[in-house]
Amino acid sequence: MTIYMVRDDCTDSRTLGTMTFEDGYVCQTLEDPVRPDGVKLIGDTAIPSGTYRVTISRSQRFQRMLPILHSVPMFEGIRIHPGNNNKADTTGCILVGTQRGVFSVETGAEMQILHSLDAMTEVQKRISACVAAGDLVWLDIVTPRVTTSETFSAASMADATGFP
């Protein structure tokens, strides 16, 4: 099984995306900010785009079985797990949720993901079923050259014809 993840809204403080499974299930993702190739700020950088093998193992941090990505350049222990806020809930991992929204006023009105436990249940169920059946699971992460935030920023500079 290949899971597809497209990062579609990148800012200097976080990265939002969409994770799509072969059976049509879709959830939202939240990561730390994407940085230029080769640049890593510990605990504040999204993993590089690419295709990664996914298995399930026991997380020492969460004390439960969770998906883990393998052979991620410059990173170790990257997991898919529940969480809503990239400042408090991740140090490089991929958070999943069912929708996007403003989590709380304390986060500075930054877009986050919501209902992460619901999404994690669905993600875990699909990955676990494939692993149990002996199938390989891959996560293919794509970062478009232009993201939603950049598109809206450029649009505000456009005139009535749509050109800057």
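Biologist: In what order do the elements of the protein chain run from the N terminus on?

Modeller: In this predicted model, the order is β-β-β-β-β-β-α-β-β-β-α-β-α. The secondary structure comes to 3 helices and 10 strands.

Biologist: What share of contacts in the protein chain joins residues at least 24 apart?

Modeller: Among contacts between residues at least 6 apart in sequence, the share is 51%. As for burial, 43% of the 164 residues count as buried. The chain exposes about 8,600 Å², and carbon and sulfur atoms supply 57% of that area.

Biologist: What pLDDT does the protein chain average?

Modeller: The average is 86, and 84% of the residues score at least 70. Over residues 150-164, however, the pLDDT is below 50, and this stretch has 5 contacts in the model beyond near neighbours in sequence.

Biologist: Which residues in H2 are buried?

Modeller: A residue counts as buried under 20% relative accessible area. In H2 these are Ser116, Ala119, Met120, Val123, Gln124, Arg126, Ile127 and Cys130. Viewed down the axis of H2, the buried residues fall within an arc of 170 degrees, so they line one face of the helix. The face turned away from the buried side carries the exposed residues Leu117, Thr121 and Ala132.

Biologist: Why does Leu117 count as exposed?

Modeller: The cut-off for exposed is over 50%, and Leu117 counts as exposed because its relative accessible area is 54%. The C-alpha atoms of Leu117 and Thr98 are separated by 8.8 Å, with the two residues 19 apart along the chain.

Biologist: Is Arg126 buried or exposed?

Modeller: Arg126, also found in helix H2, is buried, with a relative accessible area of 17%. Leaving aside residues up to four places away in sequence, Arg126 touches Met1, Phe21, Asp23 and Tyr25.

Biologist: Which residues of the largest nonpolar core touch the most other members?

Modeller: This core has 27 residues, and those touching the most other members are Met19, Leu69, Ile80, Ile127 and Leu139. At least two core residues come from each of E1 (2-10), E4 (50-59), E5 (64-69), E7 (94-97), H2 and E10 (137-142). H2 gives the largest share, 5 residues.

Biologist: Which residues does Ile80 touch?

Modeller: Not counting residues up to four places away in sequence, Ile80 touches Met19, Leu66, Pro67, Leu69, Ile94, Val96, Met120, Val123, Ile127 and Leu139.

Biologist: Where do Gln63 and Met74 lie?

Modeller: Gln63 lies in the loop between E4 and E5, whereas Met74 is in the loop between E5 and strand E6 (80-82). Gln63 counts as partly exposed, at 44% relative accessibility. Met74 likewise counts as partly exposed, at 46%.

Conventions. Residues are numbered from 1 along each chain as its sequence is written. This is a predicted model: local features need pLDDT of at least 70, side-chain atom pairs count only at pLDDT 80 or more; totals for chains, interfaces and linings use all residues. Side-chain values use heavy atoms; hydrogens and water are left out. Buried means under 20% relative accessible area, exposed over 50%, partly exposed in between (1.4 Å probe, protein chains only). Helices (H or I, at least four residues) and strands (E, at least two) are DSSP runs, numbered from the N terminus. The arc is that of the directions from the helix axis to the C-beta atoms. A nonpolar core is a set of buried Ala, Val, Leu, Ile, Met, Phe, Trp, Tyr and Cys residues joined through side-chain atoms within 4.5 Å. Contact means heavy atoms within 4.5 Å. Accessible areas come from the Shrake-Rupley method with a 1.4 Å probe; for residues, only the protein chains shown count as cover. pLDDT is the predictor's confidence in each residue, from 0 to 100.
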